[in-house]
Amino acid sequence: MDVNGVGWLAAIIIGGLAGWFAEMVMKSNTGIFMNIIMGIVGAVLLNAILQALNFQSFGVGWFAYLVTGFIGACLLIFVGRLVRR
């Protein structure tokens, strides 16, 4: 099964990178496991939001998954900070 044109192993690796980039930009202190989760869940969440709003996704492939995961992970960190307040 492919996720956005990316296999499962690649989704874990790219999700980890996307989560790590989001961690650096948003200045949150999470571990590698949480970075992977945030990158993958962020990509799925952002794709769902874009589909609900009738927008196209950022494409198919590794780079598109990285961009989607990064933006989605940043959104997750932002919402997490709002909820904690």
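Is Phe55 buried or exposed? Phe55 counts as exposed, because its relative accessibility is 53% and the cut-off for exposed is over 50%. The model is predicted, and its chain averages a pLDDT of 85.

**Confidence**

- A pLDDT of at least 70 is reached by 94% of the residues.
- Among the elements of the chain, helix 3 (residues 62-84) has the highest mean pLDDT, at 90.
- Helix 2 (residues 32-52) has the lowest mean among these elements, at 88.
- Where pLDDT is low, predicted coordinates should not be read in detail.

**Helix 1**

- Helix 1 takes in residues 8-26.
- With 19 residues at 1.5 Å a residue, helix 1 should span 27 Å, and this agrees with the 26 Å between its end C-alpha atoms.
- The buried residues of helix 1 are Ala10, Ala11, Ile14, Gly15, Gly16, Ala18, Gly19, Ala22, Glu23 and Met26.
- These buried residues pack against helix 2 and helix 3.
- An α-helix has 3.6 residues a turn, so residues three or four places apart point the same way.

**Helix 2**

- Val44 is found in helix 2.
- Val44 counts as partly exposed, because its relative accessible area is 48%, which falls between the cut-offs of under 20% for buried and over 50% for exposed.
- Between Val44 and Ala18 there are 12 Å, C-alpha to C-alpha, and the two are 26 residues apart along the chain.
- Asn35 also has its place in helix 2.
- Asn35 counts as buried, because its relative accessibility is 4% and buried means under 20%.
- Leaving aside neighbours within four places in sequence, the contacts of Asn35 are Gly15, Gly16, Gly19, Trp20, Glu23 and Thr30.

**Helix 3**

- Helix 3 has 23 residues, and its first and last C-alpha atoms are 32 Å apart, close to the 33 Å expected at 1.5 Å a residue.
- Its buried residues are Ala64, Tyr65, Thr68, Gly69, Gly72, Ala73, Cys74 and Ile77.
- Helix 1 and helix 2 are included in what covers the buried residues of helix 3.
- Phe63 is in helix 3, but Phe63 is exposed, because its relative accessible area is 64% and the cut-off is over 50%.
- The C-alpha atoms of Phe63 and Ile14 are separated by 8.7 Å, and the two residues are 49 residues apart along the chain.

**A buried charged residue: Glu23**

- Glu23 sits in helix 1, where it is buried and has no salt bridge.
- The nearest side chain of opposite charge is that of Arg81, 9.2 Å away; there is no salt bridge because that would need a nitrogen of Lys or Arg within 4 Å of a carboxyl oxygen.
- The side chain of Glu23 does make a polar contact with the side chain of Asn35, at 3.0 Å.
- Beyond its neighbours within four places in sequence, Glu23 is in contact with Ser28, Asn29, Thr30, Asn35 and Ile77.

**The loop between helix 1 and helix 2**

- Lys27 lies in this loop, and its phi near 55° is a positive value in a residue other than glycine.
- Lys27 counts as exposed, because its relative accessibility is 69% and the cut-off is over 50%.
- Asn29 has its place in the loop between helix 1 and helix 2 too.
- Asn29 is exposed, with a relative accessible area of 81%.
- From Asn29 to Leu66 the C-alpha distance is 20 Å, and the two are 37 residues apart in sequence.

**The loop between helix 2 and helix 3**

- Asn54 lies in this loop, with phi near 60°, a positive value in a residue other than glycine.
- Asn54 is exposed, with a relative accessible area of 72%.
- Phe55 is also placed in the loop between helix 2 and helix 3.
- Phe55 and Ile71 are 15 Å apart in space, C-alpha to C-alpha, and 16 residues apart in sequence.

Key:
Residues numbered from 1 in each chain as written. Predicted model: local features only at pLDDT ≥ 70, side-chain atom pairs only at ≥ 80, totals over all residues. Heavy atoms only, no water. Helix = DSSP H or I, 4+ residues; strand = E, 2+ residues; numbered from the N terminus. Buried < 20%, exposed > 50% of the residue type's maximum accessible area, 1.4 Å probe, protein only. Lys, Arg positive; Asp, Glu negative; His and termini not counted. Polar contact = N/O pair within 3.5 Å; in protein donor to acceptor, adjacent residues only side chain to side chain. Contact = heavy atoms within 4.5 Å. pLDDT = per-residue confidence, 0-100. Expected span 1.5 Å × (residues − 1).
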